[in-house]
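Hi everyone, thanks for coming. Please have a look at the structure on the screen, and I'll walk you through a few parts of it.

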Amino acid sequence: MQPRNMSMSGVVDLAAVKAAGEAKAKAEQARAQAARQGGPAAVAPSALVIDVDEAGFERDVLQRSAEVPVVIDFWAEWCEPCKQLGPLLERLAVEYNGRFLLAKIDVDANQMLMQQFGIQGIPAVFAVVAGQALPLFQGAAPEAQIRETLDQLIQVGEERFGLTGIAVDPNAAADGAPAASAAPAGPYDALLEAAMSALDAGDLAGAVQAYKNVLADDPGHPEAKLGLAQAELLTRVQGMDPQQVRKNAADNPADVTAQIAAADLDLVGGHVEDAFGRLVDAVRRTAGEDRDAARLRLLELFEVIGPDDPRVTTARQALARVLF
């Protein structure tokens with residue numbers, strides 16, 4: 001089963017002005033009530049992944065979606081792709097540290113929920129944001145695609161509904177008892193954590209430097225390479241006027257600088273194929289320094305998505321055809 005388009009464009013359609021206003025108001029009311037009660041308690045990392053059934057769906061998914069995006073993994077014991085996707089989503093839930101909650105629903109035991117969401121095949125992944133449901137993707141998918149989708153989901157939750165996630169206490173166990181001693185930190189864990197903290201705080205320059213510090217010692221470190229590519233991309237698009245950038249690219253198809261800027265915006269907006277196709281076309285149409293600039297930016301964008309993504313493989317083949 002092939003994954004469907006993982007673009008977050010559906011979120012924008014879902015968050016129409018009236019519906020978004022109502023959902024945001026409900027989310028703000030829920031947060032205000034929690035604040036009056038002393039605020040939500042920090043949870044253990046293991047509490048970021050929960051099993052949900054029909055009886056607890058409203059409490060565990062709908063109500064929780066007022067404070068954090070809830071990602072739903074529809075699965076079954078007999079589903080082989082589910083056995084690959086499920087552990088990956090669970091690992092990412094812990095890694096994202098409370099920025100989303102993962103709810104796992106066994107379709108065999110919860111047929112009504114399967115029907116309500118219109119599930120045609122599994123694994124199927126949905127999200128609920130401030131009480132509103134939206135499809136994310138169906139079938140197993142590469143980790144890079146999943147991360148891209150999660151990042152866009154979290155961004156929409158923050159910008160449209162003010163969802164800031166839930167606090168996580170790494171020293172707490174699921175039952176409130178002290179957690180077992182953590183494994184020894186790796187040689188770059190502190191730097192990578194500093195980079196993530198800088199990204200969360202909007203300090204893109206700090207994140208770039210932290211990733212560069214890792215790569216100075218270990219040039220091939222995969223997580224640092226990916227993080228640096230993403231942080232540099234966000235740095236480039238920061239302060240851009242999207243409308244003007246796209247107008248410049250449309251009015252000046254031979255202007256490589258304009259096409260590169262538009263490609264960066266395409267990628268940040270989730271239009272991966274458009275970004276790749278734009279730069280492949282720029283390489284095909286140009287020569288010399290312009291061609292090198294377009295080619296090198298395309299290679300940088302490949303790093304953002306990751307080498308295992310099928311869209312990168314397709315674009316690499318297209319690039320090879322125009323180069324050779």
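Let's begin with helix 11, residues 256–268, and helix 13, residues 288–305: their axes come within 10 Å and cross at roughly 10°. Axes here are lines fitted to C-alpha atoms, for helices over the stretch in contact, and angles run from 0 to 180 degrees between N-to-C directions. Helices (H or I, at least four residues) and strands (E, at least two) are DSSP runs, numbered from the N terminus. Helix 11 and helix 13 are therefore roughly parallel to each other; angles under 35 degrees count as roughly parallel, over 145 as roughly antiparallel, 65 to 115 as roughly perpendicular and the rest as oblique.

Which residues make the contact? Helix 11 brings Val-256, Ile-260, Ala-263, Asp-264 and Leu-267, and helix 13 brings Asp-290, Ala-293, Ala-294, Arg-297, Leu-301, Val-304 and Ile-305. Contact means heavy atoms within 4.5 Å. By class, that contact has nine nonpolar, no polar and three charged residues. Ala, Val, Leu, Ile, Met, Phe, Trp, Tyr, Cys and Pro count as nonpolar, Asp, Glu, Lys and Arg as charged, and the others, Gly among them, as polar.

A word on the source: this is a predicted model, where local features need pLDDT of at least 70, side-chain atom pairs count only at pLDDT 80 or more, and totals for chains, interfaces and linings use all residues. Residues are numbered from 1 along each chain as its sequence is written, and side-chain values use heavy atoms, leaving out hydrogens and water.

Helix 13 has another partner to show you. Helix 12, residues 272–285, packs with helix 13 at an angle of about 160°, with the axes 8 Å apart. Helix 12 and helix 13 are therefore roughly antiparallel. On the helix 12 side, the contact includes Phe-276 and Leu-279, and on the helix 13 side, Leu-298 and Phe-302 are among the residues involved. Its residues divide into 12 nonpolar, no polar and three charged.

Now over to Tyr-96, in the loop between helix 4 (80–95) and strand 3 (101–106). Is Tyr-96 buried or exposed? At 8% relative accessibility, Tyr-96 counts as buried. Leaving aside neighbours within four places in sequence, Tyr-96 is in contact with Arg-147, Leu-150, Asp-151 and Ile-154. Buried means under 20% relative accessible area, exposed over 50%, partly exposed in between (1.4 Å probe, protein chains only).

Finally, confidence: the chain averages a pLDDT of 81, on the predictor's scale from 0 to 100 for each residue. Over residues 1–24, pLDDT stays under 50.
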